[in-house]
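User: Hi! Could you walk me through a couple of spots in this model?

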Amino acid sequence: MFSRIFRTKSLEQLQASADTAEFKLKKELRVVDLVMFGLGAIIGAGIFSTIGTAAAGSADRPGAGPALVVSLILTAIACGLTALCYAELTSMIPVSGSAYTYAYATMGELMAWIIGWDLLLEYAVSNVAVAISWGDYFRSFLNQGLGISIPPWLGMDPRTALEISSGWLQAQSLASAPALGERLTLLAQARSGAVSGADVFTNWATLSQAPLIGGFPFTINLFAVLITIGITWLCYVGIRESARANTVMVILKLVILSLVAGIGAAYINPENYTPFAPNGWKGIQAGAGVIFFAFIGFDALSTCAEECKNPARDLPRGIIISLIVCTIFYVMVTAVVTGMLHYTQLAGVADPLAKVFEAH
């Protein structure tokens, strides 16, 4: 039993398993496709949502301020070293599975099983953040761009909607928020006017409009759900179709980021760069820890190994090039955003790129 859970597979066995699989993956991808996949995987929630919280910080974490550009460069260097490792492994083991496959070849079945589930958790968490951020931007586009008003309860999950106000907790001398049943009781009291809903619930404006089903407020982040379903369907259709759709989306994102940097540069106020590093090295480190989330994705390219025409040559190039391009855009946009609006005004903002332009 002990020997079985730590058994490994040789490179030849891994390659043979892929070659003899009942359903083989089509070798369709070239360097350009891989770079686009890398850009599509990396550029997302980090640049579109976490810039604000990384720069401004929170109650338990100092912000980097405009020095977030330094945090980005440090993170890019760390990710670059990791990318070189992935590039080496993908050229040696051109089989799908990424870190799961590499662990199977080196540390055995048990570690591969653990890492496989870790990967699922990592991508699930990151995809949730991306979907929520996309939903916020899309609702802003409908409201501000097209004048279509979307009820707030269609843009928030139930857990967030029932979030208790920290001010109310302090007034009640409570160390933690009430349990779900107690929150529903408070909601009923707020609806009847027995207590002030605005004092108790952080998102009372949303809760007060949400329909009740069995006494439970019905709220859903509708657009986050829809984009998740849409992307899942696209992945199911096939790699060639996914690559084409991804290329279109990447080009669109790069155009948007270029416009943000180009147009926003005209609204930069040099005073917003003072102080440049309000919390010193500690803030830069904290910012790097948060913004690291923005670079997650380059490793996903290694899962495309079986679908590459020449994985030993193309995958290392795709990983390194996509990481370099993303870093350039991240630094450029961050410098413009923190110059347009003082970093303190970005605290808790889920759509900072929209926020800075609304302020002007």
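Analyst: Happy to; we'll look at one helix, its packing, and then one leucine.
Analyst: This is a predicted model, where local features need pLDDT of at least 70, side-chain atom pairs count only at pLDDT 80 or more, and totals for chains, interfaces and linings use all residues. Residues are numbered from 1 along each chain as its sequence is written, and side-chain values use heavy atoms, with hydrogens and water left out.

User: Which residues of α13 are buried?
Analyst: Phe223, Ala224 and Leu234, where buried means under 20% relative accessible area, exposed over 50% and partly exposed in between (1.4 Å probe, protein chains only). Seen down the axis of α13, they fall within an arc of 100 degrees, so they line one face of the helix; the arc is taken from the directions from the helix axis to the C-beta atoms.

User: And what does the face turned away carry?
Analyst: Exposed Ile229, Thr232, Trp233 and Tyr236.

User: At what angle do α7 and α13 pack?
Analyst: About 115 degrees, with their axes 8 Å apart. Axes here are lines fitted to C-alpha atoms, for helices over the stretch in contact, and angles run from 0 to 180 degrees between N-to-C directions. On the α13 side, the contact (heavy atoms within 4.5 Å) is made by Phe223, Ala224, Ile227 and Thr228.

User: Switching topic: where is leucine 74?
Analyst: In helix α5, residues 68-92. Leucine 74 is partly exposed, at 35% relative accessible area.

User: What does leucine 74 touch?
Analyst: Trp281 and Ile284, not counting residues up to four places away in sequence. The C-alpha atoms of leucine 74 and glutamine 285 are separated by 8.9 Å, though 211 residues apart along the chain.

Notes: Helices (H or I, at least four residues) and strands (E, at least two) are DSSP runs, numbered from the N terminus.
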